[in-house]
Amino acid sequence: ELFTVDDDVVRKYREFVAGGRAQKIADATLGVLRNGGNMYFTGCGSTGRLSIQLASIWRDFWQHEKVRNAERGTRSEDWENRAFPVMAGGDFALIKAVEGFEDFTAFGKKQIGDLGVNAKDVVFAITEGGETSFVIGTAWKGVEVGAKAYFVYNNPDDILCQHVQRSREVIQDSRIEKIN
């Protein structure tokens, strides 16, 4: 019975793709990259480690693509270093928990701001529950500088909006696209 949860994940993903949103997000991200922008994946704890993994997978793909193209004698985009992870507490948080760092939107804004996020970029602010202040701060910073911002979360909008003001503010802001 525990594995039936996985069936729900696959079903939800198929609905997401069938609705055309995945393609729209892919197209928007491709536009950002073609215009010289970067991608930022942000998170805290597990989603912070996910952000690091996503950026690592991206770099690995483009490293292999470079080799394949060299073997074929063709060129491709040089996008290897265009994805950046932003984990609450930085690299130190991979080794030891940085308590309280996730509780402040200002920390998220500062950390992604220090990396140089700007209007040409796209930010994927990933929070499992939809209420992590640090992650919300990265979405706000993205919006402030004019970047395309996506808020990625799992809890129902109505529950978040009813109980968590910071989540309600992000969910109701039309400048931030929601991926629930």
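**Core and sheet of a predicted model**

Leaving aside neighbours within four places in sequence, Phe151 is in contact with Ala125, Thr127, Gly130, Ile136, Val170, Ile171, Ile176, Glu177, Lys178 and Ile179. Keep in mind that this is a predicted model.

Phe151 belongs to the largest nonpolar core, which has 23 residues. Phe151 and Ile176 are the ones with the most contacts inside that core. Which elements give two or more residues to it? They are strand 3 (122-126), helix 6 (133-145), strand 4 (148-152), helix 7 (157-163) and helix 8 (165-171). Helix 6 provides the largest share, six residues. There is also a second, separate core, of 15 residues, and Leu33, Ala55, Trp58 and Phe124 are among them. As background, nonpolar side chains tend to be buried together in soluble globular proteins.

Five strands make an open sheet, ordered 2-1-3-4-5, with parallel pairing. Strand 2 (83-87) and strand 5 (176-179) are at the edges; each has a single partner strand, so one side of each has no neighbour in the sheet. On average, neighbouring strands are turned by 20 degrees against each other, direction ignored.

Strand 3 and strand 4 run parallel and are joined by five bridges. Phe124, which I listed in the second core, has Tyr150 in strand 4 as its bridge partner.

Finally, two helices that lie across strands. Helix 3 (residues 46-72) lies across strand 1 (39-43), strand 2 and strand 3, at about 165 degrees to strand 2. Helix 6 lies across strand 1, strand 2, strand 3, strand 4 and strand 5, and runs at about 165 degrees to strand 3.

Conventions. Residues are numbered from 1 along each chain as its sequence is written. This is a predicted model: local features need pLDDT of at least 70, side-chain atom pairs count only at pLDDT 80 or more; totals for chains, interfaces and linings use all residues. Side-chain values use heavy atoms; hydrogens and water are left out. A nonpolar core is a set of buried Ala, Val, Leu, Ile, Met, Phe, Trp, Tyr and Cys residues joined through side-chain atoms within 4.5 Å. Buried means under 20% relative accessible area, exposed over 50%, partly exposed in between (1.4 Å probe, protein chains only). Helices (H or I, at least four residues) and strands (E, at least two) are DSSP runs, numbered from the N terminus. Contact means heavy atoms within 4.5 Å. Two strands pair if DSSP finds at least two bridges between them. Axes are lines fitted to C-alpha atoms, for helices over the stretch in contact, and angles run from 0 to 180 degrees between N-to-C directions.
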